[in-house]
Amino acid sequence: MDILNTLVLLANFVFVPAIAYGSQLALGALGVTLIYGILRFSNFAHGDTMAFGTMVTVLVTWLLQSWGVSLGPLPTALLALPFGIAVTAALVLWTDRVVYKFYRKQKAKPVILVIVSMGVMFVMNGLVRFIIGPDDQRFADGERFIIGAREFKQMTGLDEGLAIKTSQGLTVVTAVLVVAALFWFLNHTRTGKSMRAYSDNEDLALLSGINPERVVAVTWILVAALATVAGVLYGLDKSFKPFTYFQLLLPIFASAIVGGLGSPLGAIAGGFVIAFSEVTITYAWKKAAGYMLPESLAPDGLMQLLAVDYKFAVSFVILVVVLLFKPTGLFKGKSV
Amino acid sequence: MNDTVKTTALFGLVAVLILGTGVMQSWNAALGILNMGLISAIMAMGVNLQWGFAGLFNVGIMGFVGLGGLATVLVSMPPVPAAWAAGGVNIWIALFVGALSLAAVILVRARMAKGNTRAVVTWVLLIAGFTIYRELFDPARDAIEKVNPALEGYLGGLGLPILLAWPVGGLLAAGAAWIIGKTALGLRSDYLAIATLGIAEIIIAIMKNEDWLARGVKNVNGLPRPLPYEIDLQADPNFVERAASFGLDPVTASTLYVKLGYSVLFTIVLLIILFLMQRSLHSPWGRMMRAIRDNEDAARAMGKNVTRRHLQIFILGSAICGLAGAMMTTLDGQLTPGTYQPLRYTFLIWVMVIVGGSGNNLGSVLGGFLIWFLWVQVEPFGRWLMELITMGMEPGNALREHLLASAAHMRLLTMGLVMLVMLRFSPRGLLPEK
C-alpha cells in the first residue's frame, strides 16, 4: 500500500507536472533549434515570440468568449490558436524581411545576428506590454481537471490523490501531435527534406537548386507555430505574463543546447531532461520518504535539495555539465 | 567632418540635452540623468572592453551589477552582533565545507585515472559534501534570520566607509567572472552568451533568497553615504546662508548639493577608467587584443595564449561593471534585489555600446549618456504623444484610456527600434572604432 501511495504521490507532484512542463519546453526548444539549424543563430527573441503568439491567442479567446463560443470541456483557446499562429507567422515573416534578410544577404557573422535578435526582442517585448500590459492574464476555461484528487481517492481507496489538470493532458496530447507532424514534415515532404539539406550543407543545397528564401520562410512559419503552441500551452497550464515568457528563454536554450543545437530530436530530449531535473531537485521529498522509510528513520527536514526559486540554477548547472563533458549535446548537434 | 569635430559635436549635444532638461524640467531631474548617465557610461565601457576589444559576448551584466550592489551592503552596513553570535561563524564553516567538497571533486577528477572508481568517488564526495553542508548550513541560517527579522535578520556588513565598497564590488564581480570564464570561455560565443545569461539569473536569485546575506527581497535600506545628508545641510546656518546668496531655498540647494557631489565622485571614477582604457587600447596589449578579436587562429599562431587573454579581459570588463553596480547602489542608498531585470541592466547596456560604437571608449561613454537620457525621457514624451493622438477621442473612451496607460511601455519599443536602426544603417555606431 505504501509503495502505491508513494507512486501516486510522486506521479501527482513530480511526473505529471514534469511531463507537462517538459513538453512545453520541448516545443519551445524545437523552435530555437530550427532557427539555429537553418538560419544559424541563437534567437534571443524566441521567448518574446512565444509571448506575442500567446497574446494574440488570448485576445481572440476573449473575443470568442464574449460571443459565447466555447468548446465545452476544452479551453476556448484551442479555437483561437490558429489565429494566434497566423498573426505570429505574419509578424515573424515581416521581421525577417525588414530585419534579418539584410544581414543574411551580407553573410554577417552569427553573433551579429544574435545582437540583432536582441533588438527584435526589445521591440516584441515592448509591443506585447503595449498591447496587453505587463500583468498576469488568465484565459483558461472549460473543465479544470481530467481527474480530481478526491475522485481519485474514492476510486482507488488510496490515501494519496492524483490530480491531472485538463491543461496538462492537453499539453501532452498536443505536443505529441505537433512533434509527430513536424517530424513527418521534415522527413517525408519535399520542403522538409530541402530544409534538412539546407541545414546540413548550405552550399550543396544551393547547388542542387533549393530556393533558400523559401526554406527560410517555411522555417519562420514553423517556428511561429511551435512558439505559439508552446506559449499557449504554458499559459493554460500556469498563466500568461509577458515577463515569465522572457525568463523561459533560459530553460528553453538549456534544453536546446543539452539536446544538441540543431537537432530536433535532441530538443525534445533536452526539454524533458531539464523539466525533470528542475521538478525533482526542487521537490520536497519528505512525504515520499515518510512512506518508504521506517518511522524511526523519517526525516525532520523537508528533504528539498534546493528552494523552488533556484530552478533556473538547475537548468544552468545541467547545461554547464553537459557542455563540459559533451560539448555538442546529447544528440550530436552542430557547432559553428 | 573630422573625428574631433564629430566627437565634440555629439558630446555637445549630450550637454545641451541635459542642460535643456535642467531649464525645461528641473535641475534635480537633470542632475539625476547626469549621475545615472555617468554610471551607465562606466558600465558601457566595461562591456565595450569585452565586446569591442576582445569580441566576447557577455549578456550577464545584470549579475555583475548586482554583485557590486551586494558589496555595498557587505562593506558599509554595521555588523549585527546578535546575528553573528547566533550563527555567523557556523554559516561560514558550512560554506567552507561546501567549497572544500567541490574542490575535492575537482581534484579527484584531475588526479585519478578515468574509470568506475573515479565516478564512484566523485558521487560519494558530492553527496556526502552536500549533506554535511546542508546539516551545518540550515540551522545557522535559520538562527540568523530569526534575529530581529523586521529590521535585521542578516549578518550585516563590516561597517567600513562605503567608498571602499566600490573597489570591493569590482573584486566580487571579478571573482564571479573568473569562475564563469574558467568554465565557459573555451566554448563558442553562443554558449558563453547563454552561460552568462544563466549566471546573472542565479546571482540575482541568490540575492533575492539568501536573507541571511543581505535580507533578500526585504531590501537593505539606509546605506551609509559618502556625502552629507540633506537634512543636516538644511540645519547648517552656513549652508543656508550660502544657498541664499545664490538665490536658492535651502531644500532645493541641499538636494542639488548632494547630487552634484555624486556627479563629481562619479566623474572622477569615469575619468580614471577612461584614461586607463585609452592607454591600454593604444598599448601593445590593446593591439594584441584586437588582433585576437579579428583573427584568433592567426594570433594563436603568433604564440598568443588566446584563452588566457580572453579570461583576463572578461574579468577586467566584469570588474568594471561590478564597480559601476556598487556606485549605483550607493547613489540609490538601498539594495533592492527585486528590481534587477535583464532588460534594464543587461540589454540596455548593450544598446548603449552598439549605439555609441563598439571598440571606441568615447563612443561607449557617449552611448551611455544618450541612451540613458532617452530611457528617462521617452516616458514623458510617450505620454505627450499619446495625448496628442487621443486628443480627438472623448474622455472615457476605452481605447484612449488603454493608450494613455500603455505609454509607459513605449520605452522598450523605442530602445529596440533605436538599436535595430543603428545596426542597419550605422553598424559601427555613432563614434566608430578607428
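The following legends describe close-up views of a predicted model.

**View 1. The largest nonpolar core of the predicted model.** This core comprises 223 residues. The members that touch the most others are A:L319, B:I42, B:M43, B:I320, B:A324 and B:V351. Domain 1 (3–78 + 158–425) and domain 2 (80–155) of chain B both contribute residues, so the core lies between these two domains.

**View 2. Surroundings of A:L319.** Neighbours within four places in sequence are left aside in this view. Within chain A, A:L319 is then in contact with A:A254, A:I257 and A:V258. Its contacts in chain B are B:I194 and B:G198.

**View 3. The contact between chain A and chain B.** Chain A provides 35 residues to this contact, and chain B provides 34 residues. On the side of chain A that touches chain B, at least two residues come from each of α3 (77–106), α4 (110–132), α11 (249–259) and α14 (311–325) of chain A. The greatest contribution to that side is made by α4(A), with 14 residues. Classified by type, the side of chain A that touches chain B consists of 26 nonpolar, seven polar and two charged residues.

**View 4. Packing of α2 and α14 in chain B.** Helix α2 (residues 27–54) of chain B packs with helix α14 (residues 306–332) of chain B at an angle of about 170 degrees, and their axes are 9 Å apart. Since angles over 145 degrees count as roughly antiparallel, α2(B) is therefore roughly antiparallel to α14(B). The residues of the contact between α2(B) and α14(B) comprise 18 nonpolar and six polar residues, with no charged residues.

How values were computed:
Residues are numbered from 1 along each chain as its sequence is written. Chains are lettered from A and ligands numbered from 1 in the order in which they are written. This is a predicted model: local features need pLDDT of at least 70, side-chain atom pairs count only at pLDDT 80 or more; totals for chains, interfaces and linings use all residues. A nonpolar core is a set of buried Ala, Val, Leu, Ile, Met, Phe, Trp, Tyr and Cys residues joined through C-beta atoms within 7 Å. A residue is buried if 20 or more other C-beta atoms lie within 10 Å of its own, exposed if 12 or fewer, and partly exposed in between; C-beta atoms are placed from the backbone. Domain bounds come from an automatic or database domain assignment. Two residues are in contact if their C-beta atoms, placed from the backbone, lie within 7 Å. Helices (H or I, at least four residues) and strands (E, at least two) are DSSP runs, numbered from the N terminus. Ala, Val, Leu, Ile, Met, Phe, Trp, Tyr, Cys and Pro count as nonpolar, Asp, Glu, Lys and Arg as charged, and the others, Gly among them, as polar. Axes are lines fitted to C-alpha atoms, for helices over the stretch in contact, and angles run from 0 to 180 degrees between N-to-C directions. Angles under 35 degrees count as roughly parallel, over 145 as roughly antiparallel, 65 to 115 as roughly perpendicular and the rest as oblique.
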